[in-house]
Amino acid sequence: MGSLALSRAEVLDQPAPSIAGEVARIAREQLAPLAAGIDAGTVYPAEVLRQFGEVGAWGSHVPHEGPADLRCAIQAMSAIGEVCGSTAFMAWCQNTLVWYAANSTNMTLAKRFGDAFSTGRVLGGTGLSNPMKSFFGIEKLKLKGRKVEGGYIVRGALPWVSNLGPGHYFGTIFEREDEPGIASGDPGTVMFLADCSDSAITLTPCKPFLAMDGTGTYGVQFRDAFVPDELILADPAGPFVKKIRAGFILLQAGMALGLIKDCINIMDEVDNPLGHINRYLPQQPVHFRDLAAELETETMMLARDPYNEEETYWRKVIALRLRAGEASVAAAHAAMLHCGARGYLKSHRAQRRLREAYFVAIVTPATKQLRKMLADS
Ligand SMILES: Cc1cc2nc3c(=O)[nH]c(=O)nc-3n(C[C@H](O)[C@H](O)[C@H](O)COP(=O)(O)OP(=O)(O)OC[C@H]3O[C@@H](n4cnc5c(N)ncnc54)[C@H](O)[C@@H]3O)c2cc1C
């Protein structure tokens, strides 16, 4: 585990800037024209997600014989988030899926899916909201499974899972209903890949959201679906979740950083016509530039060391994630006030940014869960 005592210049100075640069170029050229359609829910940008994969956006955080480094993945997500918050969220979904397969000790699974996920050839996401809430005592696990020859039978439903479609996969967790440990109050949990093409797994479109409608988000029902041993990520899930949880949370910083940077751009854009009056507002672009720089430095520092098992490190990850959500909402709120009526137009991205910012603050682990985690630790 590396030392956390690095200067801002050192942590921002690497690695592989070309991936983030290429991602930024694709985001500007290919994604920007689609952003309004994605926001409206009429476009799911599968092709652009695959293009990001082709330039390495989903593969840089795969650990190679030991340590993992999330910095490049987060920088790439930030570049996407500067253009479209929904796509930055889908980027996070894809990156967590890659993260799960890359950390699994099931070699059959890793061999079959590792490259397919990390190149973007196969897309997908994560259904860990409910498990993440259950592990911190907020709600019960919604999926149940029982052992059968060659795998498990899984039943239950998850209300929202994103970046899905036919042929997509996502990682999630069920509780064993046949586990002898249940009697001792310690039920076994198993993490697995769900195959959206399985006829026993149904995807139901969700009611329209405030934002994120183009993210391929569905309610997912498992009707006694057979999950073969080849799709098991970790059995038991507990130690695996402990290993991947910091990465799961840190990767979300990419969504926040990109969004905050664009909110600063929006404030700058209206400075010329409105600066004479906007200077009376309490929060100015310079505040958010400082805040974004601070969050970025802290993120990059923590992202070098996602397997760190120290309690102090984990608390720093939670605290950073909390600040990232709150800063996103604050920056988008300030951008709205700076824009005035311009930003109140449906065609202006300031109001889209505000709706996207709330998602950063409510996606698991939500602001309230993060505050509980800090209070409990
Ligand atoms: C657009 C969108 C995309 C999402 N994508 C994913 C994803 O890819 N993977 C994933 O695991 N999670 C996903 N979620 C869930 C998300 O991460 C949070 O869990 C969710 O926003 C609620 O978190 P919370 O902690 O505020 O719980 P609360 O809002 O406090 O809710 C607690 C529980 O109440 C129930 N509940 C509340 N409202 C409803 C409802 N309308 N329908 C059904 N049940 C309800 C659910 O059991 C929920 O877990 C998504 C949510 C949204 C809105």
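Which residue stands opposite Gly145 in strand 4? The residue is Arg176, and the legends below, which describe a predicted model, begin with the strands around this pair.

**View 1. Strand 4 and the strands that pair with it.** The pairing of strand 4 with strand 5 (residues 189-195) is antiparallel and comprises 7 bridges, with Glu175 standing opposite Thr189 of strand 5. In a regular strand the side chains alternate between the two faces of the sheet.

View 2. Strand 2 (residues 143-148) and strand 3 (residues 151-161) run antiparallel and are paired over 6 bridges, and Leu143 stands opposite Gly156 in strand 3. Their hairpin has 2 residues between the strands, and Gly150 takes a positive phi near 80 degrees there. Strand 3 is also joined by 8 bridges to strand 7 (residues 218-228), again in an antiparallel arrangement, where Leu158 has Val220 of strand 7 as its bridge partner.

View 3. For Ser129, a polar side-chain atom lies 2.6 Å from a nitrogen atom of the ligand. For Lys142, an N or O atom of the side chain is 2.6 Å from an oxygen atom of the ligand. With Trp160 the atom concerned belongs to the backbone, where a polar atom is 3.2 Å from a nitrogen atom of the ligand.

**View 4. Asn95 in helix 6.** Asn95 is placed in helix 6, which covers residues 85-103. Because its relative accessible area is 0%, Asn95 counts as buried. Not counting residues up to four places away in sequence, Asn95 touches Ala57, Trp58, His61, Ala73, Met77 and Leu251.

View 5. The 13 residues of helix 9 (residues 238-250) should span 18 Å at 1.5 Å a residue, and the end C-alpha atoms are 19 Å apart, which agrees.

**View 6. Helix 15 and its buried residues.** Helix 15 consists of 14 residues, numbered 349-362, and reaches 20 Å from its first C-alpha to its last, close to the 20 Å expected at 1.5 Å a residue. Because 10 of these 14 residues are buried, helix 15 is largely enclosed by the rest of the structure. Among the buried residues are Arg352, Arg353, Arg355 and Glu356, together with Ala350, Ala357, Phe359 and Val360. An α-helix has 3.6 residues a turn, so residues three or four places apart point the same way.

How values were computed:
Residues numbered from 1 in each chain as written. Predicted model: local features only at pLDDT ≥ 70, side-chain atom pairs only at ≥ 80, totals over all residues. Heavy atoms only, no water. Helix = DSSP H or I, 4+ residues; strand = E, 2+ residues; numbered from the N terminus. Buried < 20%, exposed > 50% of the residue type's maximum accessible area, 1.4 Å probe, protein only. Contact = heavy atoms within 4.5 Å. Expected span 1.5 Å × (residues − 1). Pairing = 2+ DSSP bridges. Polar contact = N/O pair within 3.5 Å; in protein donor to acceptor, adjacent residues only side chain to side chain.
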